[in-house]
Structure formats: C-alpha cells, structure tokens
Amino acid sequence: MSFTYKLVAPHPPATEPSCVRRSDGWCIPFDPDNSEYQKYLKWLDGYELQGMQWVKTSEGNTPLPPDPTPEPEPLTPQQKLEAAGLSIEELKGLLGL
Amino acid sequence: MSTLRVSNIEAKADASSPTIDEKVKVTNSQGRVLMQIDGKNSGITTIGINTTSPVITVDANQNVTFNSNISVSTATITNINTTRISGVTTAGITTAYITSINEGPLSGFRNRLINGDCRIDQRNNGTTSVTANGYPVDRWIIKYVGSGVLTGIQTTDVPTGQGFTNAVRLTSTARSTLSSGDFYQLTHYMEGNTTSDLNFGSSAAKTVTLSFWVKGSRTGTYDVQLANTGTRTYTRQYTISSANTWQKVVLTYPGCPDGTWLTTNGVGFSIRFGFEYGSTYAGGTTDTWLSRTNFETSFPSMTNTFTTNSNSTWFITGIQLEQGNIGTDFERRTYAQELMLCQRYYWQGTLFTSGYGDTTNLYSATVYLPVVMRSQPAVDNSADTSGIVANAGLYNLSASSASIPNNWWNGHNGLVNFTTTTQITRWTTAYGRINVFKASAELL
C-alpha cells in the first residue's frame, strides 16, 4: 500500500513541523523509534516496501507542505461575552443598565 | 556346583516361634555379604546390599526409605502418581524441568509473547475482520503479498476444556499465480526488551520453546519461523494430519549464537506462522539456523494447500514462547495485565479531555494513556465524526485531525491537537469528548 504524506503545521512556539499526516489519516511523529516514522524516512529516500524488502524505486519523495495557519479572526464583543459565559442581558444586569 | 536353581527359599528358623527375626544372607566365597535381608515377623525391615547394614528399609506399611543417595543418570522417571511430594528441598536442584505446579501453570511471566490466548482485540472487538497488514487481535498481524487473500478475525472457537476463550481464525481466498515475492503469514513482533536476557547473538544464547494450539481445514506441513529482522532465521514445521481438529504443537528452537538481535525497544524476535512463499522466500532447510538477507530462501517447502483453495480455515490460540526445552502449560495472566501489555503498542478508546482553543479551529488537549508506550505514538481519529468540544458552545471535531506536536509527549501523557469545524475562542478552556482516538506504537 502506498501513501502520500503532508506536513502538519508547527504548534507554537515551534516553527518547524514535527509530524506528518499520512493519507490514511494517521499523524506520524518525528520519533526515530516510531516504526511509521521509519517507513516515512524510507519513503523520503525513495524506497518502497515490496514483499518483505525495501526496494529503491525513485530518487526520493517530498511531503506536501503544511496548510498555512491562518491568523485567528478578531473576536467580536459578543463572542468575547460568550467565551465568558455571559449574555448581553446578564451583562446589562451586572452593570445596572 | 556353580548354579543353584530352586523355586522357593524361606527363612524359617523355627516354625513354632513365629516372632523370631529371620535373615536371608547371600555371601561370596570369601564370606563377604552380597545381600542380606533382615526380616521381622511383620515383614521385611531392611535390605543390605554389600553390607549387613540397612541400605533400604521397608516398614510394615510398605513405606520405603533409601538410606543414602539416589542417583538417576540420564534416565527418566515416569508414572509417579501421588497426591503430594513433600520434604523436597531445592538447594541441590540445579535445573528442574517441571511442566506445571498443582496441575496449573508455573508463575512469573514465562510467556514472552503478548496476547497469546487472543483475548485482547482493541481494534475490532471481535466483530470486524481484517486482511493484509491488519490485526485480527492485538499484537498479531496478518502479512501477505499476492493474488490471494487472508482474512482474519477473533473467534470463540477454541480447543475444548483447555481454558481458552478466544482464538484467531484465518480464512483464505484462493490465490491464482504465485509470484516470486509473494508470501502469506501471521506474524508476531517481539520487543527486544522482552527477549534481551535470552542472549541471542552470543554463545550463551538460550534454548526457547514455542507451543500453541492449532487446527486447520487443510492437512499438510506448515512453517513456523523464529527470526530477528531478517538476517537470522530458524524454521521448524508442524503437521496437520487430521483436518479441523485442535492439536497442541510444541517446537523447540536452540539459541542463535550469532547475528544482530536487538535488546532495545526495537524488534528483538519475530515469529512467523507461514502458509506459502514465493521463490524469493521459499527454500532453505528446517531445524537449523540460517544466515540470510531479508528472509530470502528461509522458508522450507510446505505441503499444505491453504492458499490455493478458497475457504480454507486455520485457527490458533494458546501461543507461548518460553525459555527452555519444555513446553509448559499456557501461562494465565489476568485480562487487565494482558490488556496493559498490549497497550504499550496500541491504544484505542474514547477520550474525555480538557484543553483550550488555540489558533484557528484548533483544540489542544492533554491526553493520558494507560501505560508508557514503546515510542511516541502515531495518532488518529479518522473514525471520529461525532467527537465534540464544549466551550461556551459546542464545536464538532474534524476527523483525521489528531496530531501530537513537537514531542509534547512523555511516554503516556502529552498534548494532542484536534481540529474543530469552527473556531473556539483562543486561549479559553474547553472540554472535549474524542469518541475514537487511536494511538499506535507497534513495532512494524
């Protein structure tokens, strides 16, 4: 079974990806002991598992770049209230309005 | 006269005084005692051989006492049938080959294999079958390449009266051609940490014994290979002579004196129950260590027809690998113990998490898993279409979104990011229910 891979956007404060999403949905950590990461490294080097043997079939592969992480949209005052668990009416009551 | 033949010799000194002690003594021509039997009116009391002193004492109740050492050379003592042996001290016993204690298993993690009785099936819960690269039960993976299909599932078809509740059943879809690189097998990978004391790869390598219960619809011979990662292999065969009949198989493997055998968290041993191999892998001889590259020509020819027929069935359970050359009773571990052993390599379940909203559509949550996993796991929630996060509102999770960032993982605890379908207010606390979270640190 052949997969494709896509880098996962880094989690702040990191600036570089530390895991990769495989096309079947699994997220592979960059841990040398993880067997799926070992397979990913083989894939990077152009190897393909044929039977019980790794065979070099290409010069190498490159994962898809991560999706850009969009900046969070500024919250509206109403969203801020909801995040605080307050309704407008409750806020008005608190402020005596 | 050199030979005396009589039909009866009685020591009867005085028939009118039956209480007198009587003796039968055999001496040589120099008068030295060869054997002396001292009798009491209640029966024989002592027998002296080469002496008049007691060597063997027999009391009125036929209890026998040996007054000196008993030595059994290479012979085997059999048919000892007693309810109790007492007074035995272990100080002088260097090696005891005991198959069971109190008709039960010996204690203490003798079985190096995990889930040998096939009880744990986290992925499929005994309801879903799997094929290539799938785990019909935890720790046991179906591996094949070819035009045929092996389908595996956990089953309750087990050998009667042996105390097992589950087995693995494999069913075939017949192959057409057999290409050189084809193979069909059920595999178990063992972590080097669990085999390191067996000293494989050195002259001190220890013998191990593999035992299991098996039945199959196709008679013939089958390979069972013990190997490292493909450079040292030792294959033995078993025979299914009677179709669809459970049988216990015991196979002993001598320790491997050379080669590289990992003693870390990588693959130490691997065990392969083989059905058929193409010419790349078929070959070699049984019952000897082979030095190979990537398992090439390491599987001796078999006579079974499992893969050339459809609906062939093969069942296995009670699989045990232990040190020594005796196949002892299957070691019983509690369900909880076995489950935790499996969870070092794979965990699946529902998570209840706490975390916070982070950047766009991201829910970062702390996750605690039951045991320290073998490595940082690959994670997945691809089946999770109904997981939710609660904040001031409810947020649905996207499937296939779990990830562990930047080694935020300490073995069994870490930070997992889940993508939500709408944005949670950043840095605000939230709570999540992840319905089907999967974490895998399998060996291969």
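Reader: Where's the place of W408(B)?

Author: W408(B) sits in the loop between β21 (394-396) and β22 of chain B. Strands here are DSSP runs (E, at least two residues) and helices are H or I runs of at least four, numbered from the N terminus.

Reader: Before we go on, what am I looking at, and how does the numbering go?

Author: This is a predicted model, where local features need pLDDT of at least 70, side-chain atom pairs count only at pLDDT 80 or more, and totals for chains, interfaces and linings use all residues. Residues are numbered from 1 along each chain as its sequence is written, chains are lettered from A and ligands numbered from 1 in the order in which they are written, and side-chain values use heavy atoms, with hydrogens and water left out.

Reader: OK, back to W408(B). What does it touch?

Author: Leaving aside residues up to four places away in sequence, W408(B) touches H11(A), N413(B), G414(B) and L415(B). Contact means heavy atoms within 4.5 Å.

Reader: And how accessible is W408(B)?

Author: Its relative accessibility is 38%, so W408(B) counts as partly exposed. The classes are buried under 20% relative accessible area, exposed over 50% and partly exposed in between, using a 1.4 Å probe and protein chains only.

Reader: How far is W408(B) from S73(B)?

Author: They're 61 Å apart, C-alpha to C-alpha, and 335 residues apart in sequence.

Reader: Let's do the interface. How many residues of each chain are in contact?

Author: 52 residues of chain B contact 33 residues of chain A. The area buried between the two chains is about 2,900 Å², with carbon and sulfur atoms giving 56% of that. Buried area is the accessible area (1.4 Å probe) that two parts lose on being put together, summed over both.

Reader: Which elements of chain B give two or more residues to that side?

Author: Those are β9 (183-191), β14 (267-277), β17 (346-357), β18 (362-368), β19 (378-380), β22 (413-419) and β23 (429-440) of chain B.

Reader: How many salt bridges and polar contacts go across?

Author: The rule finds zero salt bridges between chain B and chain A (a side-chain nitrogen of Lys or Arg within 4 Å of a carboxyl oxygen of Asp or Glu). It does find 10 residue pairs in polar contact across the interface, both residues at pLDDT 80 or more. A polar contact is a pair of N or O atoms within 3.5 Å; within protein, one must be able to donate a hydrogen and the other to accept it, and residues adjacent in sequence count only if both atoms are side-chain atoms.

Reader: Switching to chain A: which residues of helix α1 are buried, and what do they pack against?

Author: In α1 (residues 35-44) of chain A the buried residues are S35(A), E36(A), Y37(A), Y40(A) and W43(A). They pack against β1 (5-7), β2 (19-22), β3 (27-29) and β4 (47-50) of chain A, together with β19 of chain B.

Reader: What's at the start of that helix?

Author: A side-chain oxygen of N34(A) comes within 2.8 Å of the backbone nitrogen of E36(A). Just after α1(A), G46(A) has a positive phi of about 90 degrees.
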